[in-house]
Amino acid sequence: MSSNRAPIVTERLVRRFGKIEAVSGVDLQIEAGDVFGFLGPNGAGKSTTVRMLTTLLRPTAGRAFVAGHDVVAEADAVRRSIGVALQDAAIDPLMTGRELVKLQATLHGISRAAGVRRGEELLETVGLTAAADRRVATYSGGMRRRLDLALALIHEPQVLFLDEPTTGLDPSSRVTIWDEVRKLNTEFGTTVFLTTQYMEEADQLARRISIIDAGKIVAEGTPMELKERVGDPTLTITLQHPDDAIDVERILMSFGEPASGSDGVVAVRLAGGSSRMPAVVRALDDADVEVHALELHMPTLDDVFLLATGKRLEGAEVPSSAEEVVT
Ligand SMILES: Nc1ncnc2c1ncn2[C@@H]1O[C@H](COP(=O)(O)OP(=O)(O)O)[C@@H](O)[C@H]1O
Ligand SMILES: [Mg+2]
């Protein structure tokens, strides 16, 4: 796993605007085929990082490589390898979806026939075939974002950058975009670099996450690792026979602190997190306990952000298990 093979690498990347340091020494390494989530509040430095990685902005200091190319010295090669859907993408609203896809193919020097074929395939993939001949001005926000995705993918990029792809969308359009991104990632193997201010989006979509605040990375890992770092998850066991509760409580004592359960439900703060689940299941099985349901409640990414920065993510919902959160 040499660092120059990873499709996105940054080394102490910095960008200043006058006195403001928007990005302050960011190190990233994103593996091929990954969906990477860059999570942070408004003004954290997400777009500035994306603009440097997509060659739209020069770094003040540090280096970055995309698809093996230096974003400054080999900007053209970087541009050919990437697809970009920016937060403030300008699209001519008087053109139709199909016209824009064709135009995009032409801009990338794709032959007419190949451009049409690829364009139709992408319109289908993002569910816009039926609306392809409508002017973009008539599209909903969700349709616009799906068109952005199709446009960004016309030249089959190895790496796709999505800057806040669902900001401002209603929940159901948001879920549709998530499905599209997953599909692109699995169907084409495209590496996805996605920024978001929604913890749920990072949680649902990203295999690995870096959390950025005020230009600095404050936490990184898989969503599971990040949440486990906050504190032990709560394991809740619903018993088939409520009479087993006392035995089960005794068994669980060796796995962590008891948490409040109710009739026929036993709960424990599972020390060591999800990795201890198989051992718990074995112990219950050895004792012939019949389990009706077994649930592990993790801390949320908002709890991760709180622990790292002392603040809540803007717009983050208060988790329902707030009283269990370690503060
Ligand atoms: N062109 C610019 N000129 C001056 N300041 C900028 C510019 N672009 C971004 N900034 C500042 O840099 C910081 C990070 O912005 P940005 O990268 O857009 O954050 P995010 O995308 O995470 O919301 C903010 O304080 C923002 O005001
Ligand atoms: Mg932004």
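Me: How near do the axes of helix 8 and helix 11 come, and at what angle do they cross?

Reply: Good place to begin! Two packed helices are described by the angle between their axes and the distance between the axes. In this predicted model, the axes of helix 8 (residues 223-230) and helix 11 (residues 301-309) come within 9 Å, and the crossing is at roughly 55 degrees. That angle makes helix 8 oblique to helix 11.

Me: What is the handedness of the crossing, and which residues make the contact?

Reply: The crossing of helix 8 past helix 11 is left-handed. On the helix 8 side, the contact is made by P223, L226, K227, R229 and V230. Helix 11 brings L301, D303, V304 and L307. Sorted by class, the contact of helix 8 with helix 11 has 6 nonpolar and 3 charged residues, with no polar ones.

Me: Now the ligand. Which residues surround ligand 1?

Reply: Ligand 1 has F17, I20, A22, G40, N42, G43, A44, G45, K46, S47 and T48 around it. By class, this shell holds 6 polar, 4 nonpolar and 1 charged residue.

Me: Which helix gives the most to that shell?

Reply: Helix 1 does, with 3 residues. You can trace the shell back to elements of the fold: strand 2 (20-30) and helix 1 (46-53) each supply at least two of its residues.

Me: And how is the chain divided into domains?

Reply: The domain assignment gives domain 1 (8-221) and domain 2 (232-297). Taken over C-alpha atoms, the centres of domain 1 and domain 2 are separated by 43 Å.

Methods
Residues numbered from 1 in each chain as written. Chains lettered and ligands numbered in written order. Predicted model: local features only at pLDDT ≥ 70, side-chain atom pairs only at ≥ 80, totals over all residues. Near = placed C-beta within 6 Å. Helix = DSSP H or I, 4+ residues; strand = E, 2+ residues; numbered from the N terminus. Nonpolar A, V, L, I, M, F, W, Y, C, P; charged D, E, K, R; others polar. Domains from an automatic or database assignment. Axes fitted to C-alpha atoms, helices over the stretch in contact; angles between N-to-C directions. Parallel < 35°, antiparallel > 145°, perpendicular 65-115°, else oblique. Left-handed = near helix turned anticlockwise from the far one by under 90°. Contact = placed C-beta atoms within 7 Å.
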